[in-house]
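The stops below can be selected in order.

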Amino acid sequence: MTRTLTILIYVLAFLTLPANAQSGFRVMSYNVENLFDTEDNPDKNDNDFLPSGNHHWTRGRYYHKLQQVAKVISAAGEWDTPALIALCEVENDSVLTHLLYRTPLKLQQYRYCMTHGSDIRGINSALLYQRDRFGYIGHKEHPVIFTHKKHKQTRNILHVWGKVITSDTLDVFVCHLPSRYGGEKESEADRFDAARTVRELCDSLLRIRTNPQILIMGDFNDTPENTSITQILAAEKITTRTEANKLYNLFADPHVLNHPGTHKYQGEWNQLDHIIVSGNLLDKNSNMHVAPGSNRIFIPPFLLTEDKTWHGKRPFRTYYGFKYEGGYSDHLPIITDFLLSLPDKDLN
């Protein structure tokens, strides 16, 4: 479909909504745990995910993984699939094309944008969007500027902007900050640099947008209390008073969440995945705003399995170490709903 026809569909959807209409707009963030194809990329260290690799990553396992990811996305939509989906740990365009056209998601008419960064393993981030609910304008990826490790390679920050049905511009960032590999404290400076890059991008938008509406999603590899989020990104907990140009972490308050975390390590759940918004998206008088109480960890029973080592439950993963489980991911997805309202139409 051409870009002109896509825009026409978007405009027609806008015009046919009744006066005072209010529409739901669900967003989702999900680290899908190593969604690799089975082809060797000679420029990346993807050897573990080849049929001959340590994980014995066969085409059968790959296509099963695609179906599993599609199942989670479909289930998270309940009556309708999410309008926007941030994905972390996807390898390339091929896996996203297969996900969107060789699974039941082909009926949902998603399009995607993704990074093509310098991560040594070939891991990238992506945004899926339903073109009749998000009028794509453009996207760009931004490398993380490291202050000490000048030649370190990591995932780029994905920035996508487009129009929602209220005609407002929504700026979306998809982030997958550097991991805790080597130790949380030993690696935190890398996450500081990544968070600083995101913060600077947001500050630029706050200066140039008339009504900046910012949505940040992804795997931050840090909890809501960590410095990268609270001080460098400066994403605050939601309070009774919010300010339009500040950032707020919808997953910062454990008392309002339905589960203790999205990732389990050595028996402890941690909230590593976040959805962060600019303050004007919390204003109930805004044409687009967060539906109160809608932010939650998506945790249907099929995403969990018995934790025989640490007891209780843990995410039902694709691999547990080098053991193939055939599950979904080592992370749980998170979702938030927005309400989009149209102004009264002039009947005169």
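In which sense, parallel or antiparallel, do strand 8 and strand 13 pair? Select residues 273-278, which are strand 13: the pairing with strand 8 is antiparallel, over five bridges. Helices (H or I, at least four residues) and strands (E, at least two) are DSSP runs, numbered from the N terminus, and two strands pair if DSSP finds at least two bridges between them. Show L215 next; its bridge partner in strand 13 is V277.

This is a predicted model, in which local features need pLDDT of at least 70, side-chain atom pairs count only at pLDDT 80 or more, and totals for chains, interfaces and linings use all residues. Residues are numbered from 1 along each chain as its sequence is written, and side-chain values use heavy atoms, with hydrogens and water left out.

Now select residues 214-219, strand 8. Six of the six residues are buried, so the strand is largely enclosed by the rest of the structure. Buried means under 20% relative accessible area, exposed over 50%, and partly exposed in between (1.4 Å probe, protein chains only). I214, I216 and G218 point one way, while L215, M217 and D219 point the other way.

D171 stands opposite I214.

Last, select helix 2, residues 59-76. After helix 2 comes E78, with a positive phi near 55°.
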